Amino acid sequence: MDKDVFVDNFGGRLVPKTERVRVLYIDDEPGNLVSLKANFRHKFEVLTTEDPSLAFDIIEQQDIQVVISDQRMPSMTGIEFFSQLKKNSPDATRVLLTGYSDMEAVVNAINLGEIYRYVTKPWGYDDLLAVIEEAYELFWLKQERQALQDSLIRTNDQLEFMVRQKLLS
């Protein structure tokens with residue numbers, strides 16, 4: 001498979017790996033949303049919301065590769081959000097961003113939300129940039145692996161058919 005393309009789960013079309021990465025950031029503090037978007041809008045397509053339930057609507061309507069969520073929000077925690085998200089959008093790479101260093105939250109984020117990274121606030125631009133780029137690379141690798149597995153299954157089915165035909169003749 002060409003290293004510059006992958007097959008996504010949104011219709012099976014070939015998508016250039018160089019397409020702008022779409023990042024969704026959920027945080028109940030508007031200042032944090034503005035800060036992240038202002039810092040990364042030239043590098044990524046950044047979508048933001050204060051409401052986790054609206055985030056699910058955005059994810060249904062958009063091809064989101066990286067999802068970043070704050071841990072402590074009024075309606076649900078980031079862990080709860082990611083736990084639900086992995087059922088609906090398992091390929092989106094999940095990053096938990098929080099101002100609190102709570103070991104139980106870290107363990108739950110990994111075990112329940114299956115997050116890729118846990119980042120503490122305040123974040124540094126270079127550090128978060130690297131996390132987002134690596135998160136997208138992981139997303140891309142999952143897509144490429146799925147495309148290769150699908151291709152392998154089709155090839156195996158074709159070979160089995162040819163063997164059956166050979167045995168019948």
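H2 passes H3 in a right-handed crossing, meaning that the near helix is turned clockwise from the far one by less than a right angle. This is a predicted model, with local features needing pLDDT of at least 70 and side-chain atom pairs pLDDT 80 or more, while totals for chains, interfaces and linings use all residues. Residues are numbered from 1 along each chain as its sequence is written, and side-chain values use heavy atoms, without hydrogens or water.

Helices here are DSSP runs of H or I, at least four residues, and strands are runs of E, at least two, numbered from the N terminus. The axes of H2 (residues 52–61) and H3 (residues 78–88) come within 11 Å and cross at roughly 20°; axes are lines fitted to C-alpha atoms over the stretch in contact, with angles from 0 to 180 degrees between N-to-C directions. That makes H2 roughly parallel to H3, a label for angles under 35 degrees.

Which residues of H2 meet H3? Pro52, Ala55, Phe56 and Ile59 do, against Phe81, Gln84, Leu85 and Asn88 in H3, with contact meaning heavy atoms within 4.5 Å.

Next, H1, residues 30–40: its buried residues are Leu33, Leu36 and Phe40. They cover an arc of only 75° around the axis, so they sit on the same side of H1; the arc is taken from axis-to-C-beta directions. Gly31 and Val34, on the other side, are exposed. Buried is under 20% relative accessible area and exposed over 50%, with a 1.4 Å probe and protein chains only. The cover over the buried residues of H1 includes strands E3, E4 and E5 and helix H5.

Finally, Gln143 lies in H5 and counts as buried, at 2% relative accessibility.

Methods
Angles under 35 degrees count as roughly parallel, over 145 as roughly antiparallel, 65 to 115 as roughly perpendicular and the rest as oblique.
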